[in-house]
Amino acid sequence: MPAFPRLLIAALSCVAVWCAPSASASAGDELAGLINAYRAAPGSCAGRAAAPAAPLAPEAALSKLHIGFGTILESALKEAGYSATRAEAISVTGPEDAQAAMAVLREKYCGTLLSGAFSAVGTSRNGSHGRQWQIVLAHPRIIPALPEPPQMSQEMLALVNQARAIPRSCGGQAFGAAPPLTWNATLAQAALGHSRDMAEKRYFNHTEPGGSTPADRATRAGYRWSRISENIASGEHSVAQAVADWLDSPGHCANIMNPAVTEMGAAYAVNPANENRRPYWTQMFGRP
């Protein structure tokens with residue numbers, strides 16, 4: 001789960017904040033500029049010398065958030081479609097302009113404003129009299145892009161054959177160098193079906209909820225086999241990490257190093273509804 005170390009729940013003075021649009025978008029933008037100017041040359045914070053901090057990137061999604069009575073910041077960010085590893089909201093009521101709001105922030109929240117844990121900011125001015133200032137600081141969750149299937153298959157096959165070319169110990173079991181595998185599109189299709197099923201139904205197992213096993217899936221895909229084995233993984237955002245994790249696991253490592261298999265197919269799938277874009281990997285080995 002994302003870490004939200006100090007969620008400041010803003011207690012607003014009137015319900016009008018929920019229905020009234022921002023009184024001045026430019027005022028919010030001005031406040032964001034003042035915050036970055038302070039980060040560039042803070043001078044001091046709480047009576048002590050303070051080091052400069054990197055500028056915060058303005059984020060429109062953060063500026064549009066409305067944190068009301070009892071609002072949980074994590075939930076508000078999720079509803080806005082903004083994924084963050086850290087976030088904090090500050091609400092200040094009373095200042096008539098951005099300069100006055102900045103003076104309050106600098107006095108009471110200088111440590112938060114200068115924190116290196118944040119890289120983005122959204123500010124807004126709301127309320128019936130425009131004296132409700134909201135600042136949301138966040139560090140967005142960066143999710144690495146997954147390789148396209150053709151690139152994935154080439155990289156996966158190369159890394160597996162590189163591993164098989166060297167004698168290694170998988171737990172307590174010693175393996176000599178094994179011949180290289182060839183890519184099999186039918187096994188890759190069977191692997192894709194299982195990865196999609198795990199991603200869509202959110203489970204992690206070699207046996208599908210309906211009882212299908214790796215051997216069943218290979219047969220269903222049209223692969224006539226004399227030997228079948230399977231590795232699965234979840235959460236790795238690169239081929240290299242998936243293969244490295246398999247090699248670190250005795251059972252998965254043994255499947256990779258097994259000289260009795262001659263072909264391989266692999267695939268990953270991601271459920272679009274999963275906000276963390278969690279990949280599910282399946283690697284199938286076979287011998288016709």
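I began with the contacts of N36: leaving aside residues up to four places away in sequence, N36 touches P55 and L56, where contact means heavy atoms within 4.5 Å. The model is predicted, so I note that local features need pLDDT of at least 70, side-chain atom pairs count only at pLDDT 80 or more, and totals for chains, interfaces and linings use all residues. Residues are numbered from 1 along each chain as its sequence is written, and side-chain values use heavy atoms, with hydrogens and water left out.

I then placed N36 in helix α2 (residues 25–40); helices (H or I, at least four residues) and strands (E, at least two) are DSSP runs, numbered from the N terminus. N36 counts as buried at 18% relative accessibility, the cut-off being under 20% relative accessible area with a 1.4 Å probe, protein chains only. I found a polar atom of the N36 side chain 2.7 Å from the backbone nitrogen of L56.

Next I looked up strand β11 (residues 263–270), in which seven of the eight residues are buried. I recorded its parallel pairing with strand β9 (residues 182–183) over two bridges; pairing requires at least two DSSP bridges between the strands. Here T182 stands opposite E263 of β11. With strand β12 (residues 279–287), β11 pairs in the antiparallel sense over eight bridges, and I listed Y280 in β12 as the bridge partner of A269.

Last, I located A98 in helix α5 (residues 98–113). A98 is buried, with a relative accessible area of 1%. I noted 8.6 Å between the C-alpha atoms of A98 and W133, which are 35 residues apart along the chain.

How values were computed:
Buried < 20%, exposed > 50% of the residue type's maximum accessible area, 1.4 Å probe, protein only. Polar contact = N/O pair within 3.5 Å; in protein donor to acceptor, adjacent residues only side chain to side chain.
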